[in-house]
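Visitor: Could you walk me through this one slowly? I would like to start with how its parts meet.

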Amino acid sequence: SAVISQKPSRDICQRGTSLTIQCQVDSQVTMMFWYRQQPGQSLTLIATANQGSEATYESGFVIDKFPISRPNLTFSTLTVSNMSPEDSSIYLCSVEPQGVNTIYFGEGSWLTVV
Amino acid sequence: DAKTTQPTSMDCAEGRAANLPCNHSTISGNEYVYWYRQIHSQGPQYIIHGLKNNETNEMASLIITEDRKSSTLILPHATLRDTAVYYCIVRVPAGNNRKLIWGLGTSLAVNP
């Protein structure tokens, strides 16, 4: 398995501001994924972030709104830009260690936009 | 869209086995069946996965039908801490389309 740490775990943000969520993994992983889970909903994939290449965004998500960095094999950031109350969600980082064929999740970052 | 269907909710008595069903009638030959659970406001926890053989680990057992169109997750002795939303997902093991597509899962309530 992999140990995944996310920061912040919770935050309350003013609308119009931006927040960067950090994801740190205890081992080197090629594939990292960022998900959003809105209140009462299931998980929705935002983007796949592989080290050494641009993030691949899912339909409905754009880089200007959710810029992602992946500077190395153990770290990634997701920024939620120009936040509105509709961005209030849990944001989850997940990884797939090589050779494991399983995806593991961090504890999530709970954002409330007021 | 999710390729699986699950009951919205289930109840189970503490100490009894919890059997959670999942239908995946359109599963492809190379797609695995994965189970995760999510306890309120926490990140999803991996439970188990399998291709066609039954699988068992320290958390649960996974029974996959011979035609692979459905599966059952078994928690042999449910405890109150097993109260969670359980997700059944199918996924290919390699290639660019390996993302997990999540449905709404089954909300399992383990009662004392």
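Visitor: How much area do chain B and chain A bury between them?
Guide: In this predicted model, chain B and chain A bury about 1,600 Å² between them, 50% of it on carbon and sulfur atoms; buried area is the accessible area (1.4 Å probe) that two parts lose on being put together, summed over both.

Visitor: And how many residues are in contact there?
Guide: On the chain B side there are 19 residues in contact with 18 residues of chain A, where contact means heavy atoms within 4.5 Å.

Visitor: Which residues form the salt bridge?
Guide: The count between the two chains is 1 salt bridge, and Glu96(A) forms it with Arg91(B), with the closest N and O atoms 2.7 Å apart. The term stands for a side-chain nitrogen of Lys or Arg within 4 Å of a carboxyl oxygen of Asp or Glu.

Visitor: Which elements of chain B touch chain A?
Guide: Those that give two or more residues to that side are β3 (32-38), β4 (45-50) and β8 (84-91) of chain B, and the largest share, 4 residues, comes from β3(B). Strands here are DSSP runs (E, at least two residues), numbered from the N terminus.

Visitor: OK, new topic: what is the strand order in the open sheet of chain A?
Guide: The 4 strands run in the order β1-β3-β8-β7, with antiparallel pairing; two strands pair if DSSP finds at least two bridges between them. β1 (4-7) and β7 (68-72) of chain A stand at the edges with a single partner strand each, so one side of each is left without a neighbour in the sheet.

Visitor: Let me zoom in on β1(A), what does it pair with?
Guide: β1(A) pairs with strand β3 (residues 19-25) of chain A in the antiparallel sense over 4 bridges, and Ser5(A) stands opposite Gln24(A) in β3(A).

Visitor: Where is the cis peptide bond?
Guide: The bond from Lys7(A) to Pro8(A) is cis, with omega near -5°, and Pro8(A) is found in the loop between β1 and β2 (10-13) of chain A.

Visitor: And what is phi of Asn82(A)?
Guide: Phi of Asn82(A) is near 45°, a positive value in a residue other than glycine, and Asn82(A) lies in the loop between β8 (75-80) and β9 (89-96) of chain A.

Visitor: Last one, how are the residues and chains labelled?
Guide: Residues are numbered from 1 along each chain as its sequence is written, while chains are lettered from A and ligands numbered from 1 in the order in which they are written. Local features need pLDDT of at least 70 and side-chain atom pairs count only at pLDDT 80 or more, whereas totals for chains, interfaces and linings use all residues, and side-chain values use heavy atoms, with hydrogens and water left out.
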